[in-house]
Amino acid sequence: MRWADLLILLPAAWYQLAAFLFAALFHYLCALGHLSLISRYIFLLAGGCLLAGTAMGGYALLLLIPAVSSVLILLLVSPTYVHTWVFSLQMCWQTLCHLGLGSLMPAVTLSAIMLLTQKVTSLSLDIHEGTVLPKPGQGLLQRALPLCSYLLSFPALLGGPLCSFSKFQAQVMSLGAVPCPLRAVGWRYLGVLVLQVLRAWLEGWLPHTQGWASLGHMWAQALLFRLAYYSQWVLDEALLEAAGLGAAVEQGDLSVHDLWTLETTHRLAVFSRTWNKSTSLWLRRLVFQRCPAQPLLATFAFSAWWHGLRPGQIFGFLCWAIMVEADYRIHPFLSSWATSCVTKLLYRGTTWVFTQLIIAYIQMAVETENFSMLCLLWASYNSILPLTYGLVLMLLLLTQKPKQN
């Protein structure tokens, strides 16, 4: 097994493994009662700054500057306008980093900035909607410390599912009441090992496929990407659990049930809702539920913007939106024809294969680094199935009443 490949596909993995001891120490000190509430916030914040400096070097300033700016906006701007200010500032900053410095800065820096965007926009929405209110009698520094700790907490700095500010505060206050779940953390690390063994086996099989144009090669390459993401998500949640913050997460990104659903579902819409679940819920709240027209298309378009606006990302996410819309309309039509056991089995088996190939096509498009590789993918016969789905969608739109899931 080539463990060095983890540094390429999982750039944050080594830093998170190194941070495990600090996370366990933090939970241990809280359990003994050696850390007051303010000390806990300071520990999490200082650990985040140290981790940022170690992992990103001088590029850590690109993370710290928008974090501090957002905290000032959250404290000083009226709740009526706070979300607009925070969203505009953070997305402009992230876009400048993606387009201006994306090829120069470490991958972990871009990832941390994207996670910061999730946290700060979620918090600004909470303040705008009145679910997070300032506590009376607190000074500016007393209000700023929890906010900074939330945005730059070291267990969630480089990865992890989105946690609301209210849940984060409640969990930090109650730390020490529950012992560190070392057994659960150990099982997660064992899961990462199993996923890497599967990835190594798949890498050994990959050379036997027939180049870029092969459907088998495309599917296997996309599965390699998915296994890398699964491993990273498990590592993220293991670090949060080691620090005692696992319960603060409303919805983890990967469980055994989620893994089974992702790889066995015959519905592209189900895959889309389950993939990176906390990000899906964030996009639903931030864009889908607030968009008056074409919310599905707007959500995937914003996702392309949030991911970096590379040609492959723009094409891949817009293709994904079209495929999900087609999925919503095609499956009710097909399922109405599948009445017997044989036809149901044929329907589910065929649509599972189609779903796997479409997911692979989208993932390969999103992961392409340059326009020439995207053109090569588009010109291959791997595009036949997505084009067919698009044509079927057009026909169904002409014959069916509009629907929105």
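A residue counts as buried when its relative accessible area is under 20%, as exposed when that area is over 50%, and as partly exposed in between, with a 1.4 Å probe and protein chains only. By that rule L309, at 31% relative accessibility, is partly exposed. The structure is a predicted model, in which local features need pLDDT of at least 70 and side-chain atom pairs count only at pLDDT 80 or more, while totals for chains, interfaces and linings use all residues. Residues are numbered from 1 along each chain as its sequence is written, and side-chain values use heavy atoms, with hydrogens and water left out.

**Helices that pack against each other**

- Two packed helices are described by the angle between their axes and the distance between the axes.
- Helices (H or I, at least four residues) are DSSP runs numbered from the N terminus, and their axes are lines fitted to C-alpha atoms over the stretch in contact, with angles that run from 0 to 180 degrees between N-to-C directions.
- The axes of helix α6 (residues 107-129) and helix α13 (residues 277-286) cross at roughly 45 degrees and come within 11 Å, and that makes α6 oblique to α13, where angles under 35 degrees count as roughly parallel, over 145 as roughly antiparallel, 65 to 115 as roughly perpendicular and the rest as oblique.
- The crossing in which α6 passes α13 is left-handed, a term used if the near helix is turned anticlockwise from the far one by less than a right angle, whereas clockwise is right-handed.
- On the α6 side this contact (heavy atoms within 4.5 Å) is made by T117, Q118, T121, S122, L125, D126 and E129, and on the α13 side by T279, W282, R285 and L286.
- By class, the contact of α6 with α13 has 3 nonpolar, 5 polar and 3 charged residues, where Ala, Val, Leu, Ile, Met, Phe, Trp, Tyr, Cys and Pro count as nonpolar, Asp, Glu, Lys and Arg as charged, and the others, Gly among them, as polar.
- Helix α13 also packs with helix α14 (residues 295-307), at an angle of about 120 degrees and with the axes 10 Å apart, and α13 passes α14 in a right-handed crossing.
- Here T279, W282, L283 and L286 in α13 meet T299, F302, S303 and W306 in α14, and the residues of this contact divide into 5 nonpolar, 3 polar and no charged.
- Helix α7 (residues 140-152) and helix α8 (residues 165-174) pack at an angle of about 100 degrees with their axes 11 Å apart, which makes α7 roughly perpendicular to α8.
- In that pair, P146, L147, S149 and Y150 in α7 meet F165, F168 and Q169 in α8, giving 5 nonpolar, 2 polar and no charged residues.

**Nonpolar cores**

- In soluble globular proteins, nonpolar side chains tend to be buried together.
- A nonpolar core is a set of buried Ala, Val, Leu, Ile, Met, Phe, Trp, Tyr and Cys residues joined through side-chain atoms within 4.5 Å.
- The largest such core has 68 residues, of which M56, L63 and L158 touch the most other members, and its largest share, 10 residues, comes from α6.
- Leaving aside neighbours within four places in sequence, M56 is in contact with L63, P106, V108, T109, A112 and L158.
- A second, separate core of 50 residues includes M218, Y230, V324 and L393.

**Buried residues within helices**

- F165 belongs to helix α8 and is buried at 5% relative accessibility; apart from neighbours within four places in sequence, F165 is in contact with L123, D126, V132, P146, L147 and Y150.
- The C-alpha atoms of F165 and V132 are separated by 8.1 Å, although these residues are 33 residues apart along the chain.
- T355 lies in helix α16 (residues 341-367) and is buried at 2% relative accessibility; not counting residues up to four places away in sequence, T355 touches T265, H266, R267 and L268.

**Loop residues with a positive phi**

- Most residues other than glycine have a negative phi.
- Q294, which is not a glycine, has a positive phi of about 50 degrees; Q294 sits in the loop between α13 and α14 and is exposed, with a relative accessible area of 55%.
- L309, also not a glycine, has a positive phi of about 65 degrees and lies in the loop between α14 and α15.

Conventions: Helix = DSSP H or I, 4+ residues; strand = E, 2+ residues; numbered from the N terminus.
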